Structure formats: structure tokens, C-alpha cells
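I opened this notebook to record what I looked up in the structure. The entries follow the order in which I took up each topic.

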Amino acid sequence: MVQNLTELRELYLDGVNISAQGKEWCLALSSSVPNLHVLSLQSCYLSRPLDSSLLKLRSLSSIRLDHNNFTAASVPDFLANFSNLTQLRLSSCGLYGTIPEKIFRVQTLQILDLSNNMLLKGSLPEFSQGGSLETLVLSNTKFSGILPNSIGNLKRLTRIELIDCDFSAQNPDLSTHLGLAYLDLSDNQISGNIPSWIWKIGNGSLTYLNLSHNLLEDLQQPLSNLPPLLSTLDPRFNQLRGPIPSPPPYSGYVDYSNNRFTSSIPHDIGLYISYTIFFSLSNNNITGIIPKSICNASFLQILDLSDNAFSSTIPSCLIQNDALAVLNLGRSRLIGNIPGELGHMCSLQTLDLNENLLDGKFPKSLANCKELEVLNLGNNRMNDTFPSWLKNISSLRVLVLRGNKFHGHIGCPDSNSTWPKLQIVDLALNNINGVLPEKGFSNWRAMMASEDDVQSKSGHLGFRVLQFSQLYYQETVTVTIKGETMKLVKVLSIFTSIDFSCNNFQGEIPKDIGDLKLLYVLNLSGNGFTGRIPSSIGQLRQLESLDLSQNKLSGEIPAQLASLNFLSVLNLSFNQLVGRIPTGSQLQTFSENSYLGNRGLCGFPLNASFEAKDATPSTSDGRHSSSRKEIKWEYIAPEIGFVTWLGIAVWPLLLSRRWGRCYYKHVDRILLRILNHQNK
């Protein structure tokens, strides 16, 4: 391909499937393009170690071999012998072993990227004066040790990325780096305090600072003169305590979540987040009130104050903020009702007020939020009729109203709208009654996709932070799966769940529930459903958890349920089911607890006869009485005595055939009385 190109200076074959081993392509290039300066073969399916024949390319200054497969190969020493080398990019190449320290000491090297080589290890050497290094990227490797203070000798550094390594000890003093703009030391073992000099880095040129997922404990004071251009400040998942630091004046992304801040939010916080798009204080121990000044943040799109201890009301101006796309105040001990009126310009996509002490009515102005995707008002004290008008919000994907006092019917006779994107609905633990509408599930299209669509729908629910293309706000939802409450930190866009348990629903289960081919969890327990179990449930081939217990369902268990191959949780107990449990299927893999309380049900794992079972759902520890009958000797002993006496008295009569027939006739009647008494 490159023969007779002796004067070629730059070669870019990125994405071309060369599929050659190291020695093969290295020899070919070294003999064909001796004057090459730039070699770029990213994602070319190259394999095996690099060959030293590359050294014949004496003018080579830029080597870009990212995203190839040099599995089980180490970084060769000879790469440090290129006297003009300015760029060395070997990210995502499957490299392992220890990198030679002399590569870091190449005086001409400006860019070094060895990231995403999970088995590559080493430590940073002592750096001498006069180095040319501008970009150092070692993320997602096994580099460890301390960050040497001599890194301060690299005066030209503008970007440092050491994400997810094993660096420890305190940060070196980088305040002398006049041009450093990007510093990411996240996911390491760095401990101690965040030093005050860190705000002096770059003499105000620092724009990105990520210290998240470390062991940092405090911020050295004072915090004045923060970098004016710092747009991203991310110290989440540390052990920071004390007062909440005021963000830089022009910051766009500030995340203080998952620390140990215990103070209240500064009353003038709105002055510091005037240009902020993302602001999070979640999972701390912040007390006091939510100050009204936070409503002055006119650019704020994502506000997460969840998992704190406010014990205050929600400012009405916060609900009325038309710029907000995500508002998460869950689990923060908020009281009162949901105030304010949401305007017609409402931009909310996520509203999470889960697990607070909110009461009152459901805000009908929420119907103005036409882009709403996640609505979580679960586990509060709201008392209102079921908000059937929510069906006018066609964008809704997650609806959680569990654990309130909603009542009335779920049907919406005056609405022709549907929920085509709905994938999680949880109405458990309310007082909703009536029957489920016929064909009520027929338009829940997100649950009806074919199995072939599973891969195409893969992904997570989230909100992209504008102007930060790599940053997402991940939705979290708490659901009950397989009998346990679980918090889904990343909600898969293919995960689907219906939980109507512990309400007062009546009537039959609609047959069109079998159209929800992608349903994973179905819980209709603790209601008053009657009729037969729809055989169409057997079409739910993705179903993993099915709970229809404590209803009034009758008839036999449909044989179609035997085709639910992914089913790992089944509970049909305490209904009025009869007949034999379908055999030769997965239904026999469940314990008898899945079928208890159905007097006419038999077959393995229950007792293999049609005898009745006297079990009640009130047993608190889940253990029920044995399926075998217990003989009540206090009732039957006198009757056995009577039969014995009768036999002795009439024994002489047995010698007569005629009197014998009469004797057996009377004994049969007595035995029948005994058995009837025992059954009672």
C-alpha cells in the first residue's frame, strides 16, 4: 500500500482494517517510507508487539496507535530513542507490564497518552527541568505511588488526566503551572485536605477540576479568589466536611454530592450559581431551609438536593422555575404541600420528591410539563384522587405514586391519550379501587416491543448536561423487585415494571396484559381481582417476577405459564385456584410457599392429592401448616371405643349370614359418621 512513497511525510490510515502483526507492518513501513514524520494507525486491528525496526524512521515525531490489540505486549524501551518524538498515543491497546521510566524523560515529548490499558502499571518518575510535556493522560491504568512534587518542573503542562489509578498521598503543589487548564485526579486514593493553592493553579486559567472519588477530608481556608474561569468543579464522593464552599462565580457544573457537609445552604447561594447549569448537594447532612435565592439561578437546569435533612417546605419559586429540567428533592424530610403553579413553559423532565413528608393535593398544573419523563412522588402523605389527567403527558416513562393515600378509579373515560413510552409504573400501597380498564395496556408501546428490539433499546435514562457533552445526570428509581426494595442507580431504558399491589382493585385481570412482551416485573398482589389467571401472561417471555398473591383468582393455573423460562420469582398463594399445577415445567422449581392458601390446588411441590389445605395468609413469619391431616384423637377415641363395644356385643350374631349383612350395614353408617366428623 505504501511502496515507492519514499518522500511521504504523514500517513493517516485510521479505521482501515490492516489486520497485521507487529513485525510485519513495522518492517513494511520502515523500508517504504523512511522520511515519515507522522504515523497514525488508530483502530486498524494491529496485533502483537511493536518491532524495533520502526527505529529506522529517524524523523518520526508523532506515533498514534490507539485502539489496537497489542494484547500481552509491553511498552517497548526503544520508543524513548526517537530523538524528535512529540506525540505518543497508545490508549486502549491491551498493553501490560511496567512502562519504562525513560519514556517520561524524553525532552521533546509533548503529548503522552497511555490511558485505558487496564494491566499497564508503573509510577511517575522525578521530572527534571526543561521538559516539553503539555498533556499527560494515564487514566484507567494501574499506575500507583505518589504524585511527585517534581511534576511542578513541567511548566508547559496544560492537561493532566490520572483518572482511576492508584495514586495516593497528598496533591503536589501545582500552583506554578501558569498554563494548566484541565486537572482530573478522580478515582484514586488521594487523602488529606484540598490545599488552598489549588485555586491559584494557572494564575486563573484553570477551567476544569475533578477530585471526585478520593479520600479528601477538608478544604483549606481561605476560599477567596477562586479561579474566575473555573467552569467545572467536581469534588463529589469524598469525606469533605464543614461549611458548604461557595462555587466559583462563573461555574457551569458544581457537584458537592456524597460528602459530609453538615451546615445549611448559604442564604445568598443564588449569587454564586447565576451561570450554573448543574448544581448538586445530594447525600450530605445539610440542614435548615432551601433558600429562596436559589431561584435566582436563571440558567440552572439540574438541581439535586436529595438525601439531606432540611425539614423545611419547598419554595414556591423553585417549582415555578421554567428553566429547570431536573428537580430532585427526594429523601430530604421536606414538609407541607407542593406549592406554586407550573407554567405553560414548564421544562421539567424529572421531578423526584420521593420519601418526604409532603401532604395535600396533587398539583394539577403539572399537566403543563409536556416533556416530563420521570415523576416520583412515592412514599409521602398525599391524599387525592388518582390523577388520571397524567395520561395527557405522552412523554412519561417512569410514574411512581406508591405509599400515599390516592384513591378513586384508575380509568380515564374522557381521555384518548396514551402512555406510549411508559416503562415503570408503581401505584402500590394506596387506596385505588375499581376495575382495570379493558384494553388499558394496549397502548403501552414501550413494554410491547418485540424481543428483537431489546438491543436497539439498550441504554440508560438520563439527562445530558447542556454544553457538557460527556456529562449526564443519571436517573435513580427505587422499585420492588423479587420481593425486595432496590434502588436502580442507572435505570435501563429496557427495564419495565408494573406494581399495583396493596390497593382495592377488583374485577378480572385484562387479557391484553399479555401484549406487554418486554415486561420484567408484574405485581398485582393484595387486591380483589377475580376470575381466572389470563393465559396470555404466558406470552410475557421476559418476565422475571410474577406476584398475583392474596386475590380472589379462581380456576386452574394456565398451562401457558410453563413457558416463562426466565421466571425466578412466582407467588400465586392465597387465591381460590384449583386443579393440578402444570407438570414438566419451571413451575415445579418453586417452593410450596408460591402456591399455599389455594384449597383446591394440588401437585408437586404441594401434596400430590386433591385434599384441602387449611392455610391462612395471616401467618406473619411466612410458615404455614403442614399439608398432611392431623388426627384429632380427642374426638375419635370415644367413637372407636363405641365401635369396639358394638363389635363385642353383636359378635355372636356374626354366625348368622342374614344378621351379618344387617351388622355390616350399621357399621358402615357409623364409620361414615366418624369420617364426616373428622372432616369437620
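**Entry 1: Disulfides**

I began with the cysteines and found that the structure holds two disulfides, a disulfide being a pair of cysteine sulfur atoms within 2.5 Å. I note at the outset that this is a predicted model, in which local features need pLDDT of at least 70, side-chain atom pairs count only at pLDDT 80 or more, and totals for chains, interfaces and linings use all residues. Residues are numbered from 1 along each chain as its sequence is written, and side-chain values use heavy atoms, with hydrogens and water left out.

I looked up the pair Cys295 and Cys317, which form a disulfide with their sulfur atoms 2.0 Å apart. This link of Cys295 and Cys317 is right-handed, with 65° about the S-S bond. Cys295 lies in the loop between β20 (278–280) and β21 (302–304) and Cys317 lies in helix α2 (residues 316–319), so the pair ties together parts that are 22 residues apart in sequence. For the element names, I recorded that helices (H or I, at least four residues) and strands (E, at least two) are DSSP runs, numbered from the N terminus.

I turned next to Cys346, which a disulfide joins to Cys369 (S to S 2.1 Å). The link of Cys346 and Cys369 is right-handed, with 90° about the S-S bond. Cys346 lies in the loop between β23 (335–336) and β24 (350–352) and Cys369 in the loop between β25 (357–360) and β26 (374–376), so this pair ties together parts that are 23 residues apart in sequence. Cys346 and Cys369 are both buried.

I wrote down the pairing as 1-2, 3-4, with the bonded cysteines of the chain numbered in sequence order. I also looked up Cys93, which counts as buried at 1% relative accessibility, and Cys165, which is buried with a relative accessible area of 3%.

**Entry 2: Salt bridges**

How many salt bridges does the structure hold? I found nine, a salt bridge being a side-chain nitrogen of Lys or Arg within 4 Å of a carboxyl oxygen of Asp or Glu.

In one of them, the side chains of Arg241 and Glu217 meet at 4.0 Å, N to O. Arg241 lies in strand β17 (residues 241–242) and Glu217 in strand β15 (residues 215–219), so the pair ties together parts that are 24 residues apart in sequence. Arg241 counts as partly exposed at 40% relative accessibility, and Glu217 counts as partly exposed at 31%.

I then followed Arg402. Asp426 forms a salt bridge with Arg402, the closest N and O atoms being 2.8 Å apart. Asp426 lies in strand β30 (residues 424–426) and Arg402 in the loop between β28 (398–400) and β29 (407–409), so the pair ties together parts that are 24 residues apart in sequence.

Arg402 also forms a salt bridge with Asp499, where the closest N and O atoms are 3.5 Å apart. Asp499 lies in strand β36 (residues 497–499) and Arg402 in the loop between β28 and β29, so this pair ties together parts that are 97 residues apart in sequence. I recorded Asp426 and Arg402 as buried, and Asp499 is buried too.

**Entry 3: Cavities**

Rolling a probe the size of a water molecule over the atoms shows where empty space is left. My search of the whole structure found seven cavities of 30 Å³ or more. On a 1 Å grid over the protein atoms alone, a cavity is a set of points where a 1.4 Å probe fits but cannot get out, and lining residues have an atom within 4 Å of a point. Grid points are joined across faces, edges and corners, and a volume is the space filled by probe spheres set on the points.

About 90 Å³ of space lies in the largest cavity. Its lining includes Phe104, Arg105, Phe127 and Leu154.

The second largest cavity has a volume of about 80 Å³. Among the residues that line this second cavity are Lys391, Trp419, Trp444 and Phe500.

How values were computed:
On a 1 Å grid over the protein atoms alone, a cavity is a set of points where a 1.4 Å probe fits but cannot get out, and a pocket is an open set with protein on both sides within 12 Å along at least five of seven lines; lining residues have an atom within 4 Å of a point. Buried means under 20% relative accessible area, exposed over 50%, partly exposed in between (1.4 Å probe, protein chains only).
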